[in-house]
Amino acid sequence: MVDRAAKGFRALLVASMVVWSHAPFAWADQRTVRITPSTAPAGCRTLNNPACGYASVEDPAKLIVNLLHDEVRCLTFADPTPPLSSVTSVDLRFPFEPRFTDPASMTVHLYGGPTWFASNDSLIGTFLRTGVALFSCTPPYYPLPEERLIGADHPDGIAGYVYGGNNALVFENTLDLEFLDITVHYRPPPSIDFDLTATTDEKQKRVLIKRWRDENPYFSDAQESLPLSGPGRDGRIRIAGRVTDQNGPMAQQTVYLRLVDPPDVALYVPAASRLRGDNDDGPGALDQTTVTTDGSGRFATVLNVTGRAAGDNYQIEATTLPGFAFRQQCDATNNCYKSGVLTAWKRMYVEKRRMLRNGMFIAQGANAGATSIVVRGNRYGGNRPHDRLSRGDQIVLVHAPDLDRSNLAAGWYMESHTILDVTQGRGSNEYIVELGTRLKGGNVSREALLHDYGPDRGRPDDLGDAITGLSGNQITASDTFDASNDLVAGDVFADAFTEYIYLSDGTTPGAKVPVPFIQSFDQPLLQDLADKWSSVVTQNGLNRVTAPNHQLLVIGASNNSQGPGTVAGVTISDVLGETSSYVFRGTIEEEVRRRGGAANAELWAMKTAAHELAHQWKTNGVWGRRDHCPPTTTAFDNPAVYCLLSDADPARSEAQRSNGIARFHGMLTPTGVFHSEYLEIRRHSDPFTP
Amino acid sequence: MRGTLVLLTISIQFAMVSAAHTAPPERRGLPLVAAAVSLPHAKVLAGVPFDIVVTLTNVSSQPATVGLVATLVVTFSDGRTAVLHERGENDQWLLEPHDEMLTSVQLAPGESVQKVAGWDRGSIPNWARYDSFSGPGNYEIALELSRGFRDDEYSDHVNYVGTLRTSSAHLERFVPLGKDEVLWNRMKETAGGRWSDNSFAATKVGVALAREIVELHPDSSYYPYALLLYRRFKNRDDLPALLAAAERFSASPSLPYLWKAAADAALYEAQDPHSDDASSGKFYDLAEAYYQTALATGSLGVRGGAEKGARRANSNREKVKSP
C-alpha cells in the first residue's frame, strides 16, 4: 500500500484522446486519456502564482493547477476501453517539476473506483524522480523534464480495474504535473466482421424481392446461395460474418443481432424525409437475433426484406454484449459492428416484339402441305406503299399461337416462300396467293407450306397469322421495326431500385418471329395482337394473364393518327386487367423524315419505349392527365430536362423526344404532397400486374 | 335595238347566275363531299357506347377522297363545342368499313357511302374514354374526318378533301327511373363522378359493377351492355344469357351486338380443334344463323363483322361436311 498521507500532488488537467504509447501485444489496442487543467474537478487545482511564489516553475502564461495530494478524485479517469476489453497495463507520460533536490523513487498505483479507501489497488509502476529544480521565475523558463512510465504488465488484466466506470491513479508522493497522459493498453473485445460491408460491391448488397425467372441469377451471391427449399431465396439474403479476438476466430461465441432502417439514399427523396426508420414497408426481419458462432467463428442468419417496396434499406448491427448493453451509438468503441446497407430491389422483364414493316393477315386457314394461302387485301402497305402482291415476290409467313392458347404446343414459327400467282377471291377483298415458282418451259414448281397458318380462332376477322414482303431473300433486321433497349435498361428505372431485363431473343419462344404489320387505333385489338405474340401470356378461362412482373412491348408501325401531337407510342389503358406498350417506330421515322432529319429516330424510339413502359406503372393518376404530369414538369435533378412522363407540349417534352435522357420528377402536388414517379414505382405492389 | 341589247344582257346575266348555281361545288369553292352524321338511336342510355353513322356523298363532278380517321366533336347544351382530341393522345377512331391499308375512301361523283363507329367485340371508339358527354343530357354529335398516317403514300386516291367536319346529330342521354337510376348513380359514384361510355369494359370498378348487374339485375336496361362489355370474349357458356338478353331487350340499341356476340361465341366453339364434325357443324349453323339475325337488325355497327363471320361459318361448315 502506498503511504497516502505522504502524497500530495498537483497537476494540470483534462481530457482528450491521443494515441501515443507502445502496444504491449501486437493485437492489443490502446487508448490514451490526457488529464489537463481545464476540466479538472473543482478543488483539484490551484492557480499558479504568476510571481512564482509557491512552488511552480511554470511559464506564467500557463495555467497551473495545484492538485491536492490526498484527493484521489483529482486523478480519476473514465475507462476508455470498449466493452468486453481486458486492460493489461497502463503507461503514463507527464512533464513534471522536480522541485526536490533528492532523487526519489516514486510508485504509482491504480485504484478501482474514485474512492480513496478502495482496497483493490494495483501496481502501475515505479519511476525515479531525479534532478534539481532548475527553475526560474523569469524567462527563459526551465523546461520541465518529461517522464515516461511504462506500466507493469498484468497479462490477466489489472485487478480491480473498473470497466465502464471510473478509476483513479495515486502517486506515492507529491509531484507537480503539467499534464498526465494515461495510456491504457487492453485486449480488445471480440471483433465482428460482416461478409457484406460498406465497401462490398453494391450489387452484392441488393436483395431481390422476387426473381420471377430462373435464367437470371439474384444480384447477390448471399441471396443466390440460400437453399431453395423452405422459405427459399426471394426477398431473403444471408447475413453472415465472423467473430475474432486476439487469438483468432472465436468459436461458440454468442452474437446478438438487430435490424436498423438507415435513411433513404435516393436524392429525389427530400432530404428532410431521408431518415432512420423511413422504409415504406417496415424494418424487415431477421430469422434469428441471437446466433452462435461455429468452430470457425462464423455466424449466419437471414434477412427478410419487404415484399413490395423497392428501395427500402436495411442494416444489421451485431455485438457480443447481451442486449446491446452499450452506452452510446453502435460503433466499434461499443463492441457494436454494422453490416453494409442492404437494399430491396424489384426486377421487371420486358418481352419485346418487333413488328414487320409491311404485310397483311391470312384470311383463311391453310394446313401444312397446302400450296396456297388466302390473305386479306393485296397491298403490302408499310414500307412498300405502292406494291401489291405479285408473282415472284419473296414473302415470309409468320405464325403465333391462338389467343386462347389452344394450339400453344406448335409454338411460333415462320417460313419463306415465293409467290407463284395471285388472284382475287370472288366478291371479297380476299386474295388467293399460290406459292411456288414458274420454271422455264412453262412448268410450275409449287411450294408446300411446312406448317399450319390461319386466322386466330378468337377473332378471325382481324387477327391471325400474316405474311410480309421481304426486301431481300430472307428476313433481316431491316424488315422489322425495332428500338434500342438501352434507356429502359439504364438508369431511369434502376434509380427506382427496379431492374429491367429484356427477355433474350435467343431463348424466348417466338422472339424471332415478328409481329404482323398493323396500324390501328383499336386498343383491344392492339392488346390482343401483343398477347397473341407474347410467350408470357397465358389463358385462364376466358381471360388472358400476363406473367407477373413482365411487360409487353411491341415496336410497331403507327396507330394511323394525324393531327397535332404525333402519337409516337401508346400504352393500352382501356382493356381491364391487361396492358402492353407500343412504340410507333414507323411514325417516328416518318416524322424525322418530314423534319428533314432534325431528330434522331433511334433515340426517339428508345425514349418512347421508356415513356410507354413507365405508363404501365400508372404513376401519375394524381394529376388527372391520363397518367402524365403537367407539361412544365422537369426532372428532379435537372431543370433543363422535362420529366419523362410530362404531358405533350411542342416547346417542352416534344422538343426533347430524342435527347436520349429519361428522368422522372420529384415535386409537391397542389395539395402539398410530395410526388415522384420513382417513388410510385418503388411502392407499387409486387408482383406487378396491370 | 336597245331593247334587244337589254334583253340579251339580261339573258346573259341570268345564264351566268344559273350557271353559277348549277356549277359543281369545286368551282363554287364548296366542299366536294357532304358528310352527315346520324345516330341509329338518338336516345341512348347514359354511360354506354353508341353507334355513330356517317353518310359521305360526293356532290362534285369529280372523284373525291375523304379521310376516315374520326375525331369526336361534341356541342353541349350550353352551346360550348369541344373537339375531343388531346395532343399526342390515342383518342381518334377509324371508321368502318375501310380498306385493309387505307384510312380514306374515294368516292366517284355522286357516290354515297355510309361508315360507322360502332363498338363490336368491345372495341369501343377511343373518344368513349372522355366522360363529358356520357351523363344524362342533350348533346350535338359531329365528327372531324381526316386521313391517317401515310395514307397519302398508300392511296391512289385523288382530290383529298382535307379535314372535314360533318353535320351534327342530336343525342339525348337518359336514365330510366327506378332501378336504372339507382345503378346510374352507383356508376357515377364508383367512378368518382367520371363515368365514361367505356367504363363497363375499361375500369376495375366498371367491370365489377357490370358483373354485379349481370348477376343481380337482369331486368336493368344496363344488363345487355354489362353482359357484352365486362368480358370481351365469349364462348358456349355465354350463349344462353346472350340469347335470352336478345329476346328481352329487343328494343335496346345493343340488340345487334347481342346477336353478333352470340354468333362469335358459336363460331369460336365451332372452330374448337377438339370438337367432332357434328358438334362443329351444329355451332357453324348456329353462328351463321346468329350472324344473319344480327345483319337483319340493319345495324351498320355489326354489319362488317357479321358478314365476314357469316361467310366464314358458311364456308367452314362446308369444309366440315366435305372433308
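Colleague: How do you know how the axes of helix α4 and helix α6 of chain B cross, and what is the angle?

Modeller: This is a predicted model, and the values are computed from it. The axes of α4 (residues 179-190) and α6 (residues 204-216) of chain B come within 9 Å, crossing at roughly 155 degrees.

Colleague: Why are α4(B) and α6(B) called roughly antiparallel?

Modeller: Angles over 145 degrees count as roughly antiparallel. The crossing is at roughly 155 degrees, and α4(B) and α6(B) are therefore roughly antiparallel to each other. As for the hand, α4(B) passes α6(B) in a right-handed crossing.

Colleague: Which residues make the contact between α4(B) and α6(B)?

Modeller: From α4(B) come B:Leu183, B:Arg186, B:Met187 and B:Thr190, while α6(B) brings B:Val205, B:Leu209 and B:Ile213. Sorted by class, that contact has five nonpolar residues, one polar and one charged.

Colleague: Happy with that. What makes B:Tyr222 buried?

Modeller: The cut-off is 20 or more other C-beta atoms within 10 Å. B:Tyr222 has 27 within 10 Å, so B:Tyr222 is buried. Its place is in the loop between α6 and α7 (223-229) of chain B.

Colleague: Leaving aside neighbours within four places in sequence, what is B:Tyr222 in contact with?

Modeller: Its partners are B:Leu45, B:Asp180, B:Leu183 and B:Ile213.

Colleague: Let's turn to where the chains meet. How many residues of chain B are in contact with chain A?

Modeller: There are 42 from chain B, in contact with 37 of chain A. On chain B, β7 (93-94), α3 (151-154), α5 (199-202), α6 and α11 (300-321) each supply at least two residues of that side. With four residues, α11(B) gives the most. By class, the side of chain B that touches chain A has 12 nonpolar, 16 polar and 14 charged residues.

Colleague: One last stop, chain A. Which residues of helix α4 (residues 585-594) are buried there?

Modeller: A:Arg585, A:Gly586, A:Thr587, A:Ile588 and A:Val592. The buried residues of α4(A) pack against β34 (550-556), β36 (581-584) and α5 (601-615) of chain A.

Colleague: What is the phi of A:Gly596, which follows α4(A)?

Modeller: The phi of A:Gly596 is positive, near 65 degrees.

Notes:
Residues numbered from 1 in each chain as written. Chains lettered and ligands numbered in written order. Predicted model: local features only at pLDDT ≥ 70, side-chain atom pairs only at ≥ 80, totals over all residues. Axes fitted to C-alpha atoms, helices over the stretch in contact; angles between N-to-C directions. Parallel < 35°, antiparallel > 145°, perpendicular 65-115°, else oblique. Left-handed = near helix turned anticlockwise from the far one by under 90°. Contact = placed C-beta atoms within 7 Å. Nonpolar A, V, L, I, M, F, W, Y, C, P; charged D, E, K, R; others polar. Buried ≥ 20, exposed ≤ 12 C-beta atoms within 10 Å, placed from the backbone.
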